[in-house]
Amino acid sequence: MASLNVRAALLSVSFLILALGLWEMATQPPEAQTGLTEYEMLMGGVEQESRVPPPSAVIKLAWAELSDPFYDAGANDKGIGIQLAYSVYRVLTGYLAAMAIALPVGFLIGMSPLMYKALNPYIQVLRPISPLAWMPLALFIIQDSDASAIFVIFICSIWPMLLNTAFGVANVRQDWVNVARTHELGPLRTAITVILPAAAPTILTGMRISIGIAWLVIVAAEMLVGGTGIGYYVWNEWNNLDLASVIFSILMIGVVGMLLDLALGKAQKLVEYKE
Amino acid sequence: MSKSFLEVDGLSKVYPDGQGGELTVFEDIRFALEKGEFVCIIGHSGCGKSTILNVLAGLDEASAGNVVMNGKEVKGPGLERGVVFQNYSLLPWKTALNNIVFAVQARWPKWSKEKVKEHSERYLKMVGLDHALNRKPSQLSGGMRQRVSIARAFATQPELLLLDEPFGALDALTRGVIQDELVKIWEETRQTVFMITHDVDEAILLSDRIFLMSNGPNARIAESVKVDIPHPRARATIFQNPAYHKTRDYLVDFLVNRSGSALPEKDGSPKFVEPARDVSQSKPVSAGSETESETAARAVNA
Ligand SMILES: Nc1ncnc2c1ncn2[C@@H]1O[C@H](COP(=O)(O)OP(=O)(O)OP(=O)(O)O)[C@@H](O)[C@H]1O
Ligand SMILES: [Mg+2]
């Protein structure tokens, strides 16, 4: 009997074929003007363009796009690779900036009950704000759409990292801290050699949540600020009524999001420990 | 007055009792340790043994009294006092070897990497773990973890070693094996050791003196019992010594009948007793005088 993995893969592929088959059948062009559905009659008939494209069309487009992902033919015609690269660049910049603040501040809050109590009210108020709500303010203050998008990423990815770092640091087992104390480690050495590795799994969990949120938010942010990026691309293709491109880019958003999550998952494995 | 290596003076610990009042766990604890002594402390659960040990370690603060080691007051933890915790407290993300390297580096920051490693390996070997250097604590059994923890404490060569029920969580067989190892290391290093145990036999095997604590609240260290059995001792043969039985009977009697009411001397220092005084002065008894139950006990413990 085949292993679980092989059977799962077979099943996955059959699901895919089934779904694509149903999709293909559902999107066959109507035969002449005879077989109009009630909906189509209401819509006054349909044109080829405004129908959901069949998977074959999407695959054909994907093939064309992916064989030359980095072409650049002017502001409104860039390869999918370039658009994704813009988005990834914004996400990583905002994310790293958030990390640079969230980790030290999280450490501080986690180690000092005073700081925790002092800062907690602000965190609780700021955290539930939709990151996109910051956009107008960011655009007004920063006066630059690209930097504003990065700022939105920064603000949305900071909270999970901050809170998880604080939580992880605050909950390091007292025994391990005592080991550091009995070996006369200073505060900095204790933080680096004991607290950081002890809290790392919790911190990485926060970082993984953050990257997921950042990738969700960048699409929306780019739809708002326009110019470049995968979010803008989706919106632009929608305005062009090029639904095959829309579907294709939706899939690409999923793939890149999965890769980002996979990378963080790997990092998480590296710092995990069993008690 | 000649000063002892470690002097504990008038230690007490008071907690709020949760109803607005106060609860004195122990009070006016006074004792002294000499350099190279191995002292165990026995008392019923909750009388405050761990608290006293943590105060000596500098991890906890007493409500009153002070601890002076080598003429210096103990205020906070320090490398000259090593601690073996009941739950091992190894860092789980480090291998057995690196747990020790961590401690050795802290102790001698100027040592080269090779020297640190070599020193650490030597101590792991001493507890019979040279085959498990690169395993993480989660991949070790409870007994092996405790060995690593003991090796870590000895490796930093502290002037005073504090052991809080180091074998409490181990099964009897493993416990016996590690006791033997502890005896062996101690014979080699002759470190000053202060150890908590619940096991009367273990205390007799290891200590020069045994402190007996009365029950809490307001617990005291009532007596200091001399264990008059020459070193080196071995678990398998210590039963043959008549002093062993005298001492054991005395300790058990205290724990069963007298721990509720026992008091120290008027000046607060523990009463010094030598239960085996008569036998230890007569010549050691031959194995022939052993009773049947002792033979049985040895068979179990061997
Ligand atoms: N934070 C605290 N608040 C109130 N009482 C406490 C607190 N910590 C410890 N105690 C009390 O102090 C007493 C001594 O505790 P300790 O752990 O030193 O006992 P012990 O002699 O080591 O006991 P065991 O043999 O079970 O380990 C206990 O009775 C406990 O109830
Ligand atoms: Mg205890």
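A polar contact is taken here as a pair of N or O atoms within 3.5 Å. In this predicted model, Ser50(B) meets that cut-off against ligand 1: a polar atom of its side chain lies 2.7 Å from an oxygen atom of the ligand. Thr51(B) also places a polar side-chain atom by a ligand oxygen, at 2.5 Å. For Lys49(B), an N or O atom of the side chain is 2.8 Å from an oxygen atom of ligand 1. On its own, ligand 1 exposes 640 Å², and the protein buries 58% of that area.

The shell around ligand 1 is drawn from chain B. Among its members are Ser45(B), Gly46(B), Cys47(B), Gly48(B), Lys49(B), Ser50(B) and Thr51(B). Tyr15(B), Val25(B), Glu165(B) and His198(B) also belong to the shell. Helix H1 of chain B, residues 49-57, gives the most to this shell, with three residues. By class, the shell holds three nonpolar, six polar and two charged residues.

An unreviewed UniProt entry assigns "domain: ABC transporter" to residues 6-240 of chain B. Over that span the chain is 31% helix and 26% strand. The end C-alpha atoms of the span are 33 Å apart.

Two backbone features occur in loops of chain B. The peptide bond from His231(B) to Pro232(B) is cis, with omega near -10°. Pro232(B) sits in the loop between strand S10 (221-226) and helix H7 (242-258). Gln157(B) has phi near 45°, a positive value in a residue other than glycine. The loop that holds Gln157(B) runs between helix H4 (142-155) and strand S7 (160-164).

Chain A has annotations of its own. In an unreviewed entry, UniProt places "domain: ABC transmembrane type-1" at residues 84-264 of chain A. This span is 86% helix and 0% strand. Its end C-alpha atoms lie 19 Å apart. The feature "transmembrane region", also from an unreviewed UniProt entry, is placed at residues 95-116, 125-143, 149-172, 213-235 and 241-264 of chain A. Residues 95-116 of chain A are 95% helix and 0% strand, with end C-alpha atoms 23 Å apart. For residues 241-264 of chain A the values are 92% helix and 0% strand. There the end C-alpha atoms are 36 Å apart.

The two chains meet at an interface. In it, 21 residues of chain B are in contact with 17 residues of chain A. The area buried between the chains is about 1,800 Å². Carbon and sulfur atoms give 67% of this area. On the chain B side, Pro92(B), Trp93(B) and Phe102(B) lose the most area to chain A. Together these three residues account for 32% of what that side buries.

Note on methods
Residues numbered from 1 in each chain as written. Chains lettered and ligands numbered in written order. Predicted model: local features only at pLDDT ≥ 70, side-chain atom pairs only at ≥ 80, totals over all residues. Heavy atoms only, no water. Near = heavy atom within 4 Å. Polar contact = N/O pair within 3.5 Å; in protein donor to acceptor, adjacent residues only side chain to side chain. Areas by Shrake-Rupley, 256 points an atom, 1.4 Å probe, with all protein chains shown as cover. Helix = DSSP H or I, 4+ residues; strand = E, 2+ residues; numbered from the N terminus. Nonpolar A, V, L, I, M, F, W, Y, C, P; charged D, E, K, R; others polar. UniProt positions renumbered as here; feature names shortened; annotations may be inferred. Contact = heavy atoms within 4.5 Å. Buried area = accessible area lost by both parts, 1.4 Å probe.
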